[in-house]
Amino acid sequence: MPDAIALRGLRKSFGQTVALDGLDLTVATGEVHGFLGPNGAGKSTAIRILLGLLRADGGEARLLGGDPWRDAVALHRRLAYVPGDVVLWPTLSGGEVIDLLSRLRGGLDRRRRDELLERFALDPRRRAGTYSKGNRQKVALVAALAADAELLVLDEPTAGLDPLMDSVFRDCVREVALAGRTVLLSSHVLSEVEALCDRVTIIRSGVAVESGTLRDLRHLRRTVVAAELAGPPGARFTPPPGVHDLAVEPSPDGADGVLLTCEVDQPGLAGLLRALADLDVRALTTRPPTLEELFLRHYDASPNGQARPAPAR
Amino acid sequence: MTVTGRASGGSRPFAGTGRLLRLALRLDRLALALWLLTFVVLAAGVAAALDEYYPLEADRAQFAERARLTPAVLALTGPAVGLERAGGLLAWRIGALCVVLAGLMSIFTLVRHTRVEEETGRLDLVRSTPVGRLAPPAAALLVTAGANAALALALAATLVASGLPAGGSLVFGAAVGAGGLFFAAVAAVTAQLFTSARAAKAMATLLLGLAFLLRAIGDASNPTGAGLSWASPIGWAQRTGAFVHVRWWLFGLLFAAAGALLAVAFVLLVRRDVGSGVLAARLGRERASPRLASVSALGARLHRGGLATWTAGYAVAGAALGAVAHSVADLVSDNPAVRDMLARFGGGTQLVDAYLVAMFNLFGLAAAGYAVAAVWRIRAEEVAGRAEPLLATATGRTRFAASHLWFAFAGPALPLMAVGLATGITHGLRTGDVAGQTGRLLAAALVLLAGVWVFAGLATAAVGLAPRGFLAVWVALVACLLIGQLGPTLRLSQWIMDLSPYTHLPRLPGGESTPTPLVALPAVAVALTAAGLVGLRRRDLQPS
Ligand SMILES: Nc1ncnc2c1ncn2[C@@H]1O[C@H](COP(=O)(O)OP(=O)(O)OP(=O)(O)O)[C@@H](O)[C@H]1O
Ligand SMILES: [Mg+2]
């Protein structure tokens, strides 16, 4: 089965600003794909190119087997979109907006619409101008989820939802996934990504810096090592290649020892363990990095963030 | 909780006004500069023309004699008092027009800095910073009042530079500025009443039009300036008597009326919450009606209220116009010189027809304003972010644009038909030929569509090809208004006159009608529209 979304070397500039600088993104049919990156990384730009709202400057983009710019109208019958910042027609009621958007997409499943309204606890009679931010978001979500679309494109869909509604949203996405439909989910909420996504792509400054399942990412990445030593490691200890963010501090529990912490790439792990064996190690803990650490490292654009896509060693 | 308690709840309700004022000036400097330029060009142009054609007091006295007897001209200008003096003649010629333009400038500026900020949610952000509760409206009022003050000085300086006495020039400038300020106060109230900025602007503009209509009827029926015109704030500003006999108390009246309106606006403001209007929001429909199933249906939903208001306004204005038009012919039927002069405004030999041509031209230009605003809706929806969810459905850009273009092109036919029919009926009742007059005035009104379409096309081209330069379309519309108003007096060279599509229209009723412009102008409109649509299909959707 062809991929639902395939972007190759996608480029887009706005005047001087380079928003996408050769972006690759592949979303297989039937998967829930997380799309992450710091503010201004180019997520919304990529999504708007996929929707045919922007025209790419270069590269290749395929959406549901078609060209997102040329075949926009035909493709849009098969997808539903929730923008990050939902703006509605102030004089229309929420119910009218949902019905209108569904009909424009090609049809309205009344039963599903009413069921979703109930689950999201949304009053469809309120005029859109009087909705709170979260409720405006719900209008767009109900309109998208009620559609019988092959692909859902969600750009930070839960910004503004309360935790209860968050969990309703997660249930809905799981149901969509079970039905074999594809979801592209741009999000800054890591727990949401962890709970819902089969695979993720992390982009920064318009290029993908990482793509894979969360497990892959974690395993490929560094291990966090903390060793309690009886005394300072001294000059004999030279950190082997692959060790990052090495720090030696007085032991936090007040004892006379020191605490050595660092992160180490997978290839450097064996070397580090050998080097530690020569020291007077009282305790040793190793753990995979948390998701937060993983993302923070990718998001950090400073020179010592050491997450450049092609780091010069 | 008392009203004042809420209003001055913060210890310094005006804190931060200065910074907000600077921001407003920064945002508005181009638009305000263009407004000022319009006034300067208008005043300098008319002053030069009058100086050339009526250099001597004797010339002016002769002209005044004729003008006094020509209600049609008085309806467009004002009471024929003091026309023997060069300054008086100029003030008479451009006074009403200047106050209307100053009113429009004030309405747009004030609403932009009050209700627009509130509607877009930007006000929330501003109010969350340490600025006082009343600082944003105070800054909006100050920038609008400042614009009117600058306008008053610019006008006065222009007149002085044209060789008119300094005292009278200052009074004239001040009268226009005071009139503008009055309509800023009107807009301050409408901005409190409606939650939508569009509705606030429309209501204030409607009241401005009503004020003009009152004084037009009043002055047409009363050349010396008594009567109905005293009910119109535009009439007050005109009667301050620059260059003739200054009535200072009328400035007091204008400022007092503006102050009273501002007080009303203030009470409304402090009683309501940010983002709300005075009228409580009602619940809407639970489900969309089966008809709301396409972008065209949505377009109709968005445009129908405005179009209905325009149509009703045109019907009322047309009925009033038809009621006074007949008296023109009666009054001056034995004065061949006046016939000549008016015939240059119109095209026919019948004086009443010439008058109707001049008035209908104004209706045609205003209808073009409606069309340009309707096309702007395409861009406005894009900027607001509402186009995005629509275009992410199976809706192409052309269909989306068409949902608004339909109203821009066909919409103006309704108000124009209304004004043609209403003028025809009341004019026909007075001349005893309802069927005949209705037919020819309806045709005269509909012919104006050709000019309207050129502007709709120009606006579409701007939206598609140069959306950030849309302001140029409004500038072009004002330029055509100036050409139409100044052309016959100034004897502008023909190529300048030809720039306005309205110059090419047959002068109906009465004038001869050639088919060429009625084919050529729509062809231009179609070409511009097509270019705009192609541009829209090719370009990025740009929210800013
Ligand atoms: N219409 C535009 N004109 C100019 N620059 C733009 C435009 N749209 C986006 N940009 C720029 O392109 C870059 C990418 O923006 P984009 O909105 O795609 O980021 P994002 O990843 O969605 O960020 P966020 O997480 O904040 O939503 C930013 O630097 C932004 O300023
Ligand atoms: Mg974004």
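Modeller: Quick definition before we start: helix axes here are lines fitted to C-alpha atoms over the stretch in contact, and angles run from 0 to 180 degrees between N-to-C directions. Also, this is a predicted model.

Biologist: Fine. At what angle do helix H19 and helix H20 of chain B pack?

Modeller: About 20°, with the axes 5 Å apart. H19(B) covers residues 434–447 and H20(B) covers residues 449–465.

Biologist: What does that make H19(B) and H20(B) relative to each other?

Modeller: Roughly parallel. Angles under 35 degrees count as that, so the pair H19(B) and H20(B) qualifies.

Biologist: Which residues make the contact?

Modeller: From H19(B), Ala445(B), Leu446(B) and Val447(B). From H20(B), Leu449(B), Ala450(B) and Gly451(B).

Biologist: How does that contact divide into nonpolar, polar and charged?

Modeller: Five nonpolar, one polar, no charged.

Biologist: Switching to ligand 1. Which residues come nearest?

Modeller: There are 13 residues around ligand 1. Gly40(A), Lys43(A), Ser44(A), Thr45(A) and His188(A) come nearest.

Biologist: What about Ser44(A), which atom faces an oxygen of the ligand?

Modeller: A polar side-chain atom of Ser44(A), 2.7 Å from an oxygen atom of ligand 1.

Biologist: And Gly40(A) and Ala41(A)?

Modeller: Backbone in both cases. An N or O atom of Gly40(A) lies 2.8 Å from a ligand 1 oxygen. For Ala41(A), a backbone N or O atom lies 3.2 Å from an oxygen of ligand 1.

Biologist: How much of ligand 1 does the protein bury?

Modeller: 68% of the 630 Å² that ligand 1 exposes when taken alone.

Biologist: Which elements give two or more residues to the shell?

Modeller: Strand E2 (17–27) and helix H1 (43–50), both of chain A. H1(A) gives the largest share, three residues.

Biologist: And what is the make-up of that shell?

Modeller: Four nonpolar, seven polar and two charged.

Biologist: Why flag that?

Modeller: Because most peptide bonds are trans.

Biologist: What phi does Glu156(A) have?

Modeller: Positive, about 45°, although Glu156(A) is not a glycine. Most residues other than glycine have a negative phi.

Biologist: Where does Glu156(A) lie?

Modeller: In the loop of chain A between strand E6 (151–155) and helix H6 (163–178).

Note on methods. Residues numbered from 1 in each chain as written. Chains lettered and ligands numbered in written order. Predicted model: local features only at pLDDT ≥ 70, side-chain atom pairs only at ≥ 80, totals over all residues. Heavy atoms only, no water. Near = heavy atom within 4 Å. Polar contact = N/O pair within 3.5 Å; in protein donor to acceptor, adjacent residues only side chain to side chain. Areas by Shrake-Rupley, 256 points an atom, 1.4 Å probe, with all protein chains shown as cover. Helix = DSSP H or I, 4+ residues; strand = E, 2+ residues; numbered from the N terminus. Nonpolar A, V, L, I, M, F, W, Y, C, P; charged D, E, K, R; others polar. Parallel < 35°, antiparallel > 145°, perpendicular 65-115°, else oblique. Contact = heavy atoms within 4.5 Å.
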